[in-house]
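Thanks, everyone. I have a few minutes, so let me put the structure up and walk you through it.

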Number of protein chains: 2
Amino acid sequence: MSMKTGTSRLAVMNFLNEVSGDFPDAISLASGRPAEAFFDLQRWLDAIPLYQREFASRRGLSHADAGRLLAQYGRTNGIVNEVIAGQLAQDEGVRGRSEHVVISAGCQEALALCMLSLCEDSNDVVIARDPTYIGMTGVADLHGIEIVPLHSKEDDKLAAELAEVAEKLRREGKRARALYLIPEFDNPTGTVLSLDARMAMLDVCAEQRIVVLEDNPYGMFRYEGERMQTMYALDRAGCVIYLFTYSKTLCPAVRVGGALVPDTLFGDAAAARALVANLGERKSFLTVNTSQLNQALIGGMLLAQDGSLRELVAPQLAHYRRNRDLLLAALEKEFADQRDVVRWNRPEGGFFLTMDLPFAFGQAEVLRCAREQHVIPMPLSFFSLTGTCQDSIRLAFSNVEPSLINEGVARLGRFVRECQEVCDAAV
Amino acid sequence: MSMKTGTSRLAVMNFLNEVSGDFPDAISLASGRPAEAFFDLQRWLDAIPLYQREFASRRGLSHADAGRLLAQYGRTNGIVNEVIAGQLAQDEGVRGRSEHVVISAGCQEALALCMLSLCEDSNDVVIARDPTYIGMTGVADLHGIEIVPLHSKEDDKLAAELAEVAEKLRREGKRARALYLIPEFDNPTGTVLSLDARMAMLDVCAEQRIVVLEDNPYGMFRYEGERMQTMYALDRAGCVIYLFTYSKTLCPAVRVGGALVPDTLFGDAAAARALVANLGERKSFLTVNTSQLNQALIGGMLLAQDGSLRELVAPQLAHYRRNRDLLLAALEKEFADQRDVVRWNRPEGGFFLTMDLPFAFGQAEVLRCAREQHVIPMPLSFFSLTGTCQDSIRLAFSNVEPSLINEGVARLGRFVRECQEVCDAAV
């Protein structure tokens, strides 16, 4: 049986899971999962009857009848759209129409729906930075959607490259339909896209009619610096779909995320409504509707928090900031005498930083690093669209015990020094 | 923006929703939703900590830590696979390997995953009876998968037609990859596929290497007659994927269903494992994993019920049987003097029956029937692959108030007599 899949990309992720499984005592700096310490299952489950009460009173139903209606099939695009639209506005400055919110079974579904809706013809192409998030490349691979990479490392060169790429695609008879970006605390790089780059890229997208898929799972976790406006908020042309998720602010198991479609699509309100309807049609044949229990949980939590998650995530934010600081301090100490060859960035938020090493770090190195030093980083090349980033790794600090960060970095330091000695000896 | 979608099929469903919305006082015999009276939200939510306790004790975790792990991301193909495999064996005689269970966000996702996995090439074709379930045709339409209909009304002609169709496809350079069937209490027809037909079709499928997608949402709801073996249980060749759901036995809002892949695929165990892996890869890029809260709810309910849902569904079964009997009695009475021109079947289970009328009943007639007689049946042509069934309707008895069935049928009777008078006058 031939299987045309995102196999290569997934194979490396499976490989990494296996490494973690084979070395359970290794310190993992590979997993970008949210910190479990803040998961409060019972509190969240208790939010469901809270939403049920509100649902009952709004519709003039008994509490029991409201429960029965919640347990039934329901509106494809969701039922807590208004309260979600309110939270996005309040917490992230993303002000959209609740009727343009499409609630999905986790943000991944919304991403897949958007890519499938936008790239219906075989010559429709998605543009993304290289490296980029594997959840996006997986959808493209599985459905035969071509991804064209942007190579610029410097923010101020991205818009020009985007324009060139779009132009080149047009000459080839293809259409650049979507641009996938994580402007805040990118996965995997941990970087923030500058305000100028956001505006310049929006101009190109408006001109070339490219829809920006702005994925923002980490936006609530900024540890320093001023909050930057989202591309959705900066957009004047109607070219940004905003992708949101509650997997990081609450927990992954709620599997509630979604897409906010702009008021108009390049100025055309009917086209935006048609896109919302098309996403719903696709969803109805994938997952019918997002679990109304899980939607009620989100709805109840947002009611309990007066529509904002800022206060709720404050302890997590403090925890992630502390982990980032511990990681940065440990790196400073461990690699003090190698600053000329080992470099890393200081992320202003999110879950990751990246590190450039003076040698290639791929599958073989992860395995050796886990076996010999009992620490697991993530090769950045796993995220590459073109086989680049061979000498870099991603370090996640979101779900590692604070007390293990120093030791993890010390082990990584030993591995790096040993590799360097081998390299030096070979020269 | 051009949109290549299952629009036409969905448009008629939307039309029907609009009719229901426009005439809220009409008695609906159109909706095949499960009866809400049996939804017990709080009881089901209370099952989550029940599963959490079991999960904790099995893994040697504290209750709180088990909750944190449940709230996290998890295994793509699910965590309650074993308890589900046990329930399928106990309740439905479907004995498969728990490692071959792929748990999905509702059965619709499993159906979509299977169709996409099996029909990866543009010449891969799905075969289905005409009329058939709209959730299947929607997936095919959205992803450009060709559906070839089986027209035979008689069970004992189906296998021969299937063999012919597969042969014809082969000559055209196409491959019949999957056969979609609801053998028990079919949606929309309400019929049961005979044991002989099941076996004969399995023989053809084994020979032609066609995978049967056996969808069985209504199998637990048999009101009379002997339980028949599922095609999965009858299969000796390794050609049946069994699709299951908890939307009807518990409630739709749990959004838990899935696929059980056979031990071997046409005798090849590695191919079966590869298919399980492929379904998981596809799922990981669609919904990542099915909500572990919802899985814990299913797991907890199954623990509480000693692994079987038979006892839990007994009151529902009695209710549905009573509704069926009320509907059949009302039809007998209402159409007593028209038995030569108005015919219907007596379903042994499930949610539906179908009725043949002496005139066409399509969109215009639904609208008139709702407006003039305040009753809403479902045109059977909405489910047709080829524009057939123009003179038939589907009557759902699952989610209608028992006290309204008589009146609903009386109204339908008035509509039918009026239409006939018009027809007669025209002759």
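Predicted model: local features only at pLDDT ≥ 70, side-chain atom pairs only at ≥ 80, totals over all residues.

Start with chain A. It has 15 helices and 13 strands. How compact is chain A for its 427 residues? Its radius of gyration is 22 Å, close to the 22 Å from the globule rule, so chain A is as compact as a globular protein of that length. Along the principal axes, the C-alpha atoms fill a box of roughly 75 × 55 × 50 Å. Buried residues are 54% of the 427 in this chain. Now the contacts in chain A with a separation of 6 or more: 75% of them join residues 24 or more positions apart.

Next, the domains of chain A. The assignment gives two entries: domain 1 covers 7-30 + 311-426, and domain 2 covers 43-304. Note that domain 1 is written as two segments. The C-alpha centres of the two domains lie 29 Å apart. Their contact takes 25 residues from domain 1 and 26 residues from domain 2. Which elements of domain 1 give two or more residues to that side? They are α1 (7-22), α13 (310-334) and β10 (352-356) of chain A. The largest share, five residues, comes from α13(A). By type, the domain 1 side divides into 13 nonpolar, seven polar and five charged residues.

On to the contact between the chains. It takes 51 residues from chain B and 51 residues from chain A. On the chain B side, several helices supply at least two residues each. Among them are α1 (7-22), α6 (107-118), α11 (269-284) and α12 (292-304). Which one gives the most? That is α11(B), with seven residues. The chain B side splits into 25 nonpolar, 17 polar and nine charged residues.

Let me pick up α6(B) from that list. It has twelve residues and reaches 16 Å from first C-alpha to last, close to the 16 Å expected at 1.5 Å a residue. Is this helix mostly covered or mostly open? Mostly covered: eleven of its twelve residues are buried. The buried ones include B:C107, B:E109, B:L111, B:M115 and B:L118.

Now α13 in chain B, residues 310-334. This helix has 25 residues and reaches 34 Å, close to the 36 Å expected. Where does it bend? At B:Q316, by about 30°. Its buried residues are B:V313, B:Y320, B:N323, B:R324, B:L327, B:L331 and B:E334. So what covers them? The cover includes β9 (343-344), β13 (392-396) and α15 (402-426) of chain B.

Last, one residue: B:F352. It sits in strand β10 (residues 352-356) of chain B. Why does B:F352 count as buried? Because 24 other C-beta atoms lie within 10 Å, and the cut-off for buried is 20 or more. Leave aside the neighbours within four places in sequence. B:F352 is then in contact with B:G32, B:N187, B:P188, B:G190, B:P347, B:R394, B:L395 and B:A396. Take B:N187 from that list. It is 165 residues away from B:F352 along the chain, yet their C-alpha atoms are separated by 7.0 Å.

That's my tour. Over to you for questions.

Technical notes. Residues numbered from 1 in each chain as written. Chains lettered and ligands numbered in written order. Helix = DSSP H or I, 4+ residues; strand = E, 2+ residues; numbered from the N terminus. Contact = placed C-beta atoms within 7 Å. Nonpolar A, V, L, I, M, F, W, Y, C, P; charged D, E, K, R; others polar. Expected span 1.5 Å × (residues − 1). Bend = angle between axes of the 7 residues up to and from the residue. Domains from an automatic or database assignment. Rg over C-alpha atoms; globule rule 2.2 N^0.38 Å.
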